[in-house]
Amino acid sequence: MRALAALSLLMLTLDAASAFLTPTPSLLPLRALHSHLPHRPAVPARPAPQRAGSARMAMQWKDAGDDPADERWKSFSVYNFGRWKGRTLHISPETGEYIAPFSKDHLVDVLDMDKGVRSAKMRTIVGEDTAPSMTECVITANEDFHIAADGSYSRDQTFAEVTDVEGAFRFCIEMSLSVSMHERVRFQALYDFESKLSRIVVYEEYRVISTGASRLIGIKLDEDDLKGNSAIRSPLTMLSLVGEFRGDAQGSRSSRLGGGELKTKTRSGVQWDGKTIRREFEVVDERLRSARKVQFGDMGGNVVDVLSLEDGYKLLLLPSGCFCCLPERLEPEISKERGEEGGGEQAAPEGDMAKLEAMMNGFSVDDDVVKLKAFTAEFGCYTGKKERKRMVRMYNTDGTMMTTTMVTEKRSGGKEAAGEGKGSALYDEFE
C-alpha cells in the first residue's frame, strides 16, 4: 500500500517538472512563431504618409526653378547686353523720306542694373566724340514687355524721348528683331500728343566685340568690325512683299490677361492685281487663338514707299530691308451720346482738341474715360533673300498690349511669289 502511494507521488512530481521544461509560444524565437499562430493573409506594407507641407515646398522649389519669366529675361540679357553701334535713320510716316536729323552714327550700351531684378539700362550716344548727345532709359520686364527666344523684344513707352530730337512723344512702340548673332534692327513708332504717327526711327546696329577690363563698356575695340561681314540689305520695295510666306509663329498673352503662349503654323502674303493690294496675315489674339486679318489698299503703277490701307493703316517700306504697318492715328472711340449725372445726354466733343482729350484719357486707368479703338502694330525685316521675321502687337481699347506674335517665315512658290511680276494671283488662293 505504501509502495503504491510512493509511485503515485513520483508520477505527479514528473508531470509538474515537464510543465516547466516545455517551451511556450511566448518564449519561442520570433522566426518560430508562425508554426504556433493561426494563418493570416499577408497585408502589403503601407507607405509612410507625407506631410502636406513638405510636398508643397517641393512644388514651390520646382516652380521657382522653371519660371518662364526668368527664362525669357535670360534670352534678352544674353543677346542684348553689351555695346552696339550703328546708324540712326529718321523717316517721315507721310512721305517715307528722311527727315531731320536724317542719319547719324550712334553707340548703345545695354547694362544690367541689379542682380535678381529684371531691369536694364539702355544708354544711347549720338554725334561726335567732342559734343555727343546722350539719352538713357530703363527697360523693365513688365506686362507690356515681350521677349522672344532669339533675343528679339518689344515694349511700349509713354512720354518717350529720342536723341537729337527736341521735345517728347506721347506714345512709343519699340520693336527689336534679331537678324543674326551679331546684328539686330530696332524700330520705334512715335505718336505725338495729338495721337498722330509723327516719326519713324530705324536703328541698324552691330555688336561691338571688345576686350579689356569691362566688356560691357568696351574699353578697347577690335579692328575687325562685324559690320563688314554682314550682308547689305537694300531698301524694301513693294514687289518684295508680293507673294506667299509660310513659317512658324509663337504668340504670348500679357500677364494682365492671364498669360499663356501658343505655337502655330502661319501663312501670310500680299497680292497685287495692278490696282488693289490685298494683305493677309495671322496673329495670336487675346484668347490664345490663331486669328486671320485681311487689309486692302489702292495702288496703281507708281512706285511708292507709303501705302494707305483701309481703317486708317499705313504700310511703310523702310531701309535695311524692313517694313512696318501701323495706324496713322490712334483714334478714340468717342460715343455720340454721353450721360450726365442728371440723366441727360451730351453730344460728343468734336475737332482735334476733342481727340487730344480723348487720347489723354484713353491712357488713364479710370474706367469711365473715353476708350481708344483697338489696333495692331507690325514690324518686319528680311534676314535673307527669302527669309524674314515679323513681330505683331495687338492693343486693347485702353492702349495696353494684349498679345505679341513673333513670326519666322520663308517665301514659298516660284517666280510669281518671288515678286518678278505684278502678281496676278487671285484673291481666293488664300481661302
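Modeller: A residue is called buried under 20% relative accessible area, exposed over 50% and partly exposed in between, with a 1.4 Å probe and protein chains only. The model is a predicted one, in which local features need pLDDT of at least 70 and side-chain atom pairs count only at pLDDT 80 or more, while totals for chains, interfaces and linings use all residues. Residues are numbered from 1 along each chain as its sequence is written, and side-chain values use heavy atoms, with hydrogens and water left out.

Rings of Phe, Tyr and Trp (its six-membered ring) pair if their centres lie within 6.5 Å, and planes under 30 degrees apart count as stacked, over 60 as edge-to-face and the rest as tilted. The structure holds 13 aromatic pairs. In one of them, the ring centres of phenylalanine 76 and phenylalanine 145 are 5.5 Å apart and the planes stand at 85°, so this pair is edge-to-face. Helices (H or I, at least four residues) and strands (E, at least two) are DSSP runs numbered from the N terminus. Because phenylalanine 76 belongs to helix H3 (residues 68-80) and phenylalanine 145 to the loop between S4 and S5, their pair ties together parts that are 69 residues apart in sequence. Phenylalanine 76 is buried, with a relative accessible area of 0%, and phenylalanine 145 also counts as buried, at 9%.

The rings of phenylalanine 171 and tyrosine 395 form an edge-to-face pair too, because their centres are 6.2 Å apart and their planes lie at 85°. Since phenylalanine 171 lies in strand S7 (residues 169-180) and tyrosine 395 in strand S24 (residues 387-395), this pair ties together parts 224 residues apart in sequence. Tyrosine 395 is buried, with a relative accessible area of 0%, and phenylalanine 171 is buried at 2%.

As for the strands, two of them pair if DSSP finds at least two bridges between them. S7 is part of an open sheet of nine strands with antiparallel pairing, in the order S4-S3-S2-S1-S9-S8-S7-S6-S5. Strand S4 (133-140) and strand S5 (146-147) are its edge strands, each pairing on one side only. S4 runs antiparallel to strand S3 (residues 119-126), to which eight bridges join it, and serine 133 in S4 is the bridge partner of valine 126.
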